[in-house]
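I opened the file today and took notes as I went. The entries below follow the order in which I looked things up.

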Amino acid sequence: MNKSSEKRVRYGILALLFFGTTINYIDRQVIGLLKPTLEKEFNWTETDYSNIVMAFSAAYAIGLMGFGRWIDKIGTKLGYSVSVFFWSIAAVAHAFAKSTLGFGLARVGLGVAEAGNFPAAIKSVAEWFPKKERALATGIFNSGANVGAVVAPIMVPAILGAYGWQEAFVITGAIGFIWLIFWWKFYETPARHKKISKEEFDYIHSDNEVVSETEVPVKWIELFKIKQTWAFIFGKLLTDPVWWFFLFWLPSYFSETFNLDLKKPSLPLVIVYTATTIGSIGGGFLSSYLIKKGWNVQKARKTTMFIIALCVLPIMLAQFTKNIWIAVGLISFAAAAHQAWSANIFTTVSDYFPKKDISSVIGIGGMAGSVGGILFPLAIGIILDHYKLLGNISAGYNIIFIICGSAYLLAWIVMHFLTSKKS
């Protein structure tokens, strides 16, 4: 088999998914980096900011439910296009907000539209990659989230210093329109793509999965009767809020605990989010490697996810250090583990469900993760406001790190029993 022709098209598709996810995370992270500036401009309290974060989370949850099912019906090309078009408009709209409510409304628009990214991207991976490569492919495109999180702390302060906070939203928001041109021009499913070779087509479909353009998706409500759906729901519900904490509160943590100046490019944040890129690809690589070595698919995924869950535990030690670089190391390790977990938990959906139902299940589980993302920031806001009044905000962050450290083992235990043969 010609290896170059075997890989050429699907890895081009993977590059599009990677950059789409990168832009998705740049746009959602801008407000976290501008928080110190905006809270002075609009007199925000921690609770005000929590409400804005929750507005995004709630909208994202609703959007996932809708986009997941909708993409299964209309396909990845159109579904992803609609998502990127509207989230780019919403991202730019932040620049025109004149009040806390205005930011809340812009976050609602961004949350609903950005919800299409993962249902579309995971379904695209299932369309273009065999099972033994899906976790690695997911890890690679999912690392775009981390790259976005690395680029944003460099790009946003630079734009803020040169122009202002409004321009930071406009410039980052406009990038999505450029991506959209490439996606519309180059994406098709393997059956319709004109440049795919027969060798690559056969390799993609080497799992002998049932593939039919006329296959009807399982009724949405029927998906809730399947235990694997609940395994994905609980896995996302318990662990997604941790990632949302890393995205939206970490800049404030370093600023308030270690006096990090967020008006300048932030090396600690760059290191943390760079580590997540390694974790995302490494986590996807590990389970794919085990499968290629002959392991059963489920055994490979579960073993990998258990190792990853153990890797998050050291973040609890962050409360004992006064050294910013030790804290950066502990948080980087945990954040990398989260993305390794993410690459595998997303892939479990295509392990258990046919391609026609993947976006629907991703949407349902993503919605559960977003519900956790709504409740957790609410708790964070209350905890941090309480300890800020006591003059010891570090104690508040310590409690949060303990919760983050234990979430993954609990999620793994729940998922293991819901997907075991006995269940």
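Which residue lies over the face of Trp184? I found Lys77 there, at 4.8 Å from the ring centre. I note that this is a predicted model.

I looked for another lysine over a ring. Lys299 lies over the face of Trp295, and here the distance to the ring centre is 4.7 Å.

**Aromatic pairs**

I counted aromatic pairs next. The structure holds 31 of them. I picked out Tyr25 and Phe118. Their ring centres are 6.4 Å apart and their planes stand at 90 degrees, so I logged the pair as edge-to-face. The pair links distant parts of the chain. Tyr25 sits in helix α1 (residues 3–33) and Phe118 in helix α6 (residues 117–128), 93 residues apart. Both Tyr25 and Phe118 are buried.

I then turned to Trp44 and Phe103. Their ring centres lie 5.4 Å apart with the planes at 90 degrees, so this pair is edge-to-face too. Trp44 is in the loop between α2 (35–41) and α3, while Phe103 is in helix α5 (residues 100–114), so the pair ties together parts 59 residues apart in sequence. Trp44 counts as buried because its relative accessibility is 7%, and the cut-off is under 20%. Phe103 is buried as well, with a relative accessible area of 0%.

I also traced one aromatic cluster. It is formed by Tyr25, Phe118, Phe141, Phe232, Trp243 and Phe346.

**Nonpolar core**

Which residues have the most contacts inside the largest nonpolar core? I listed Phe103, Phe245, Phe246, Leu250, Phe254 and Trp341. This core has 118 residues. Helix α14 (residues 324–352) supplies the largest share of the core, with 13 residues.

Beyond four places in sequence, Phe246 touches Pro251, Tyr273, Ile315, Ile331, Ala334 and Ala335.

**Arg69**

Is Arg69 buried or exposed? I read a relative accessibility of 17%, so Arg69 counts as buried, the cut-off being under 20%. Arg69 belongs to helix α3 (residues 46–74). Its side chain reaches the backbone oxygen of Val218 at 2.7 Å. Leaving out neighbours within four places in sequence, I listed its contacts as Pro217, Val218, Lys219, Trp220, Leu223, Asp357 and Ser360. I also checked Arg69 against Val361. The two are 292 residues apart along the chain, yet their C-alpha atoms are separated by 8.2 Å.

**Ser359**

I moved on to Ser359, which is placed in helix α15 (residues 358–389). Ser359 is buried, at a relative accessible area of 0%. Setting aside neighbours within four places in sequence, Ser359 is in contact with Gly68, Ile71, Asp72, Pro119, Ala120 and Lys123.

**Cysteines**

How many disulfides does the structure hold? I found 0. Cys311 is in no disulfide, and the nearest cysteine sulfur, that of Cys404, is 16 Å away. I compared how the two cysteines are placed. Cys311 counts as partly exposed, at 24% relative accessibility. Cys404 is buried, with a relative accessible area of 0%.

Methods: Residues numbered from 1 in each chain as written. Predicted model: local features only at pLDDT ≥ 70, side-chain atom pairs only at ≥ 80, totals over all residues. Heavy atoms only, no water. Helix = DSSP H or I, 4+ residues; strand = E, 2+ residues; numbered from the N terminus. Buried < 20%, exposed > 50% of the residue type's maximum accessible area, 1.4 Å probe, protein only. Contact = heavy atoms within 4.5 Å. Core = buried A, V, L, I, M, F, W, Y, C linked by side-chain atoms within 4.5 Å. Polar contact = N/O pair within 3.5 Å; in protein donor to acceptor, adjacent residues only side chain to side chain. Phe/Tyr/Trp six-rings, centres within 6.5 Å; stacked < 30°, edge-to-face > 60°. Lys NZ or Arg CZ within 6 Å of the ring centre and 35° of its normal. Disulfide = S-S within 2.5 Å.
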